[in-house]
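Reader: Could you take me through the packing inside this one, with the aromatic rings as the part to look at closely? I'd like the cut-offs along the way.

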Amino acid sequence: MRVARRSSPVITGYCVNIRTKIPFFPNLSIQESSLIYTRSSNCFEFHVSRKAREKYHFDEQLFALNGNVVLADFAAARRFAESMTIVRGQIVPASDINAMGLIDEILHILIRQYEMQNPGVMRCALAAVGSDADAGLQKFTDNFPPMAVYRREMDARHYLDLDTAGRPNRAATLEEMLILHITNQNPAVQSYKELFDEEPLKQSSPYEQTVRVLKDFFKGQPGFGNPETKAEDRASLIEVLLAPARVAPHSLSAQLEFLLNRWGDILGENFVLKILRGIDFIKEDAIRGNFAGGFAGNVPVLTFTGHDYTEYERFSPDKDWMPHLVLIAKNSYVWLDQLSKKYQRAIIRLDQIPDEELELLQQRGITGLWLIGLWERSIASQRIKQMMGQADAVASAYSLMDYQIAADLGGWEALQNLRWRAWQHGIRLSADMVPNHIGIDSRWVVEHPDWFLSLPYSPYPNYSFNGADLSNDSRVGIQIEDHYYDKTDAAVVFKRFDRWTGDSRYIYHGNDGTSMPWNDTAQLDYSKSEVREAIIQTILHVARNFPIIRFDAAMTLAKKHIQRLWFPEPGHGGAIPSRSEHGMTRGQFEAAIPNEFWREVVDRVAAEVPDTLLLAEAFWMMEGYFVRTLGMHRVYNSAFMHMLRDEDNAKYRLVIKNTLEFDPQVLKRYVNFMNNPDEKTAAEQFGTTDKYFGVFTLMVTLPGLPMIGHGQIEGYREKYGMEYRHAKWDESVDDGLVRGHEWRIFPLTHRRALFANVEDFRLYDFYALDPHTAGASGTVNEDVFAYSNHIGNERGLVIYHNKYAETRGWIKNSAASMDKASGKLIQKTLSEALSLPKESYAVFKDYVTGLEYIRSCRELTDKGLYVELGGYQCHVFLDWRFVNGEQWQVVCESLNGAGVPSAYGKFDAMFAVKAEEIKVAGNRVKGKKTKSEKKTAKPRKNQIKPKPTAKKK
């Protein structure tokens with residue numbers, strides 16, 4: 001295997017420059033030098049004591065004639081580690097055995113290097129220890145025997161008198177003694193000390209004396225390094241050999257990294273790859289068995305740089321309906337059960353969903369219905385869940401048997417009925433497509449086992465497959481790994497055996513590298529073109545039946561992540577246990593998958609099933625790449641939920657700013673949500689009061705696609721598992737919360753067209769009030785979200801304070817946004833963004849309070865908008881109208897920033913001709929007179945008002 005030629009290959013956080021010449025020997029190439037330095041181009045070795053060999057019964061095929069362990073590949077390290085695991089009763093990581101062997105071999109290579117720099121030095125060392133050391137050498141040979149001595153075909157003395165490959169065995173043994181002593185000083189290998197324990201050698205032999213003589217000898221020799229280096233700057237050979245353990249005393253991985261960075265130039269390309277893989281193996285063992293699952297940390301701020309694959313702009317154009325979509329998710333089985341209770345009758349099929357529910361969705365401004373769990377599910381998945389104690393479970397919604405509508409939901413006929421009725425209410429249906437994996441007992445696993453990532457052997461020797469046969473097809477048997485049932489391991493593969501052919505293979509479970517493998521799924525092999533085409537045909541099948549498709553875990557099928565997870569480059573493994581052994585170089589991977597799978601999908605759907613919205617569940621900082629380059633119409637924006645929930649307001653404002661500065665069209669394509677099926681419910685995360693409604697308001701008024709969770713409007717707090725047939729908690733609808741939505745949210749969903757696009761979207765900084773000047777200070781309050789949008793004659797301004805605190809300040813200038821026509825960043829004032837006339841008065845309505853306000857457009861242009869906000873207070877200003885005249889000036893001044901139920905009503909109260917009763921000659925008649933008195937409204941706390949007048953000191 002060769003490293004793909006790159007100027008500076010990045011290796012998990014550090015860099016190695018593989019030069020064509022070696023500094024110590026400028027006339028040798030890397031290829032020539034590697035033949036000199038390594039004892040074998042295909043394996044590495046390290047010594048093991050006789051006692052350990054007898055205790056663990058290691059396979060003799062693992063040992064060379066000189067008695068050292070020969071690990072030709074990582075599979076050999078696994079066999080070695082498994083022998084120890086059986087005796088110890090706990091897993092011994094093969095990656096540790098592999099790393100120890102690599103380090104041992106590198107130390108030998110460094111000694112070879114030193115010998116070439118100082119010819120004859122080891123013979124001199126042997127002479128320095130003298131014949132008195134023979135007893136120690138014999139003791140070493142007895143305790144760490146070569147094969148002939150171990151088999152008692154000759155004694156230690158006889159062996160030491162011989163040569164091997166032209167080198168005296170006595171000199172080779174002295175070198176092994178030195179390496180043994182160095183290894184015993186390494187804290188990182190102490191848990192394996194019984195393999196190379198030097199304590200028996202210290203008893204009744206001159207071993208310690210020999211080691212001291214060797215140390216003293218090398219102190220008097222030239223230091224290790226280029227002959228041109230000053231002598232005082234060189235380290236002794238002993239110091240060089242001890243350096244890895246001193247630099248990283250408790251980490252084999254860090255020791256390998258040190259050796260790679262320090263000596264990668266002289267080790268040769270093949271050995272560099274072995275080190276990189278060794279580091280990968282350690283990472284894999286570190287995550288094996290540590291499958292916590294769930295969200296594990298802070299969401300990073302999205303940026304748009306540093307992609308491994310070429311970025312270009314190729315958005316998929318929206319159809320007219322797509323920007324206005326408001327989507328709601330429903331767990332199909334749970335929803336049908338809840339509807340049965342609500343309507344007091346059995347509702348178990350899709351065609352039994354009442355028209356009243358569809359009308360209710362329409363009244364709420366919802367135009368898309370995502371039905372989770374429509375497809376025929378894996379029977380094996382249901383059996384696994386029931387065997388694990390969930391007696392009433394259905395299979396996981398993401399472990400599928402086939403892409404057919406489930407029979408118990410009514411099949412295709414019931415879907416067609418629902419689809420037609422939903423369309424009468426302006427609602428499009430959405431379904432999942434799970435391209436990454438399929439159920440372990442699916443038709444494809446039975447009929448096309450070669451379409452899946454698999455091995456002809458179990459990747460870990462301690463795996464066993466003796467449990468129930470989960471297959472429902474007589475042709476094959478399917479077993480998951482035994483340790484899953486007692487929860488002592490989370491195997492990465494399951495066993496499939498063919499009853500007709502006798503073929504057995506171990507197929508990988510679906511896995512995204514962030515949690516435990518999905519043990520009821522089988523991972524498809526995307527390196528095969530026939531697999532990619534089969535998936536595309538399935539996607540087209542789904543698209544012909546659903547105008548909205550949500551792609552589950554779509555980011556796992558971007559090229560960079562297909563390789564990272566399943567075919568990692570050297571130095572980039574560690575995401576999924578056992579996969580580093582099957583990695584590819586970048587060149588090999590590009591040959592297997594020349595194009596981005598998702599770009600092919602988008603283009604095929606656009607050509608064959610247009611008018612389909614493609615929605616990607618994608619994270620890992622790939623949101624922009626998915627919509628801008630790969631062409632997905634929409635992409636998940638998990639930062640919205642996490643950052644606003646945690647009140648990381650500055651971070652989320654930075655997400656918006658970064659997106660606007662890069663390309664505002666990306667902002668339009670985010671899917672914003674307050675919960676999703678994998679997270680806690682919105683009520684649990686945000687509560688059900690002002691913060692909840694404030695964040696919900698952002699969700700439905702920011703550009704992007706608002707996605708409402710199952711039970712969110714009703715205030716349900718239970719998180720429904722994908723295998724639930726019905727809700728487990730007995731919850732009632734929160735009627736007050738529903739009324740709050742009717743008052744504050746649904747009027748906005750019906751105005752979605754105003755907020756959906758980005759051409760006129762502007763985000764503003766909220767500058768805190770300067771108490772001395774009563775103007776804006778230089779401090780931005782990052783807790784305030786203020787933005788406007790504009791379409792035709794409609795204008796909208798949203799202001800929300802995502803903090804339990806009070807604040808006052810000004811809104812005037814927008815953040816920078818990329819103008820694609822000029823390629824420049826532009827900023828606008830509030831007045832420019834809303835296209836306000838200069839001399840008029842603006843009348844606008846707050847859809848939160850129902851009050852109307854009036855402001856001078858001149859003041860809005862010159863000074864901006866002054867706002868006072870309480871904790872989690874929100875304003876949505878719509879219905880902008882413009883009036884002129886001195887009388888409106890009087891109205892504006894009299895209100896002094898206060899809101900009123902109707903600005904026109906206030907005008908009429910102050911200036912309109914009013915009918916009154918007038919007594920004329922004792923008769924009651926109606927007459928008219930002009931109202932002349934003015935009423936002044938007192939400003940209300942926390943309401944918008946003009947800039948206060950600064951007091952003079």
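Predicted model: local features only at pLDDT ≥ 70, side-chain atom pairs only at ≥ 80, totals over all residues.

**Cores and rings**

Author: The largest nonpolar core has 167 residues, and those with the most contacts inside it are Ile-539, Phe-551, Trp-598, Phe-626 and Tyr-652. Such a core is a set of buried Ala, Val, Leu, Ile, Met, Phe, Trp, Tyr and Cys residues joined through side-chain atoms within 4.5 Å. Buried means under 20% relative accessible area, exposed over 50%, and partly exposed in between, with a 1.4 Å probe and protein chains only. Helix H20 (residues 529–543) gives the most to this core, with eight residues; helices (H or I, at least four residues) and strands (E, at least two) are DSSP runs numbered from the N terminus. There's also a second, separate core of 77 residues, and Ile-106, Leu-107, Ala-125 and Trp-263 are among its members.

Residues are numbered from 1 along each chain as its sequence is written, and side-chain values use heavy atoms, with hydrogens and water left out. pLDDT is the predictor's confidence in each residue, from 0 to 100; the chain's mean is 87, and 88% of its residues reach 70 or more.

Now the rings. Those of Phe, Tyr and Trp (its six-membered ring) pair if their centres lie within 6.5 Å; planes under 30 degrees apart count as stacked, over 60 as edge-to-face and the rest as tilted. By that rule there are 37 aromatic pairs. Take Phe-74 and Phe-281: their ring centres are 3.7 Å apart and the planes are at 20 degrees, so this pair is stacked. Phe-74 lies in helix H3 (residues 74–88) and Phe-281 in helix H14 (residues 269–287), so the pair ties together parts 207 residues apart in sequence. Both Phe-74 and Phe-281 are buried.

Phe-761 and Tyr-787 have ring centres 5.5 Å apart and planes at 40 degrees, so that pair is tilted. Phe-761 is buried, with a relative accessible area of 0%, and Tyr-787 is buried at 2%.

Tyr-114, Phe-217, Phe-218, Phe-224 and Trp-263 form one aromatic cluster.

Charges show up over rings too: Arg-428 lies over the face of Trp-321, at 3.9 Å from the ring centre. The rule is NZ of Lys or CZ of Arg within 6 Å of the ring centre and within 35 degrees of the ring normal. The charged end of Lys-728 sits over the ring of Tyr-724, 4.1 Å from its centre.
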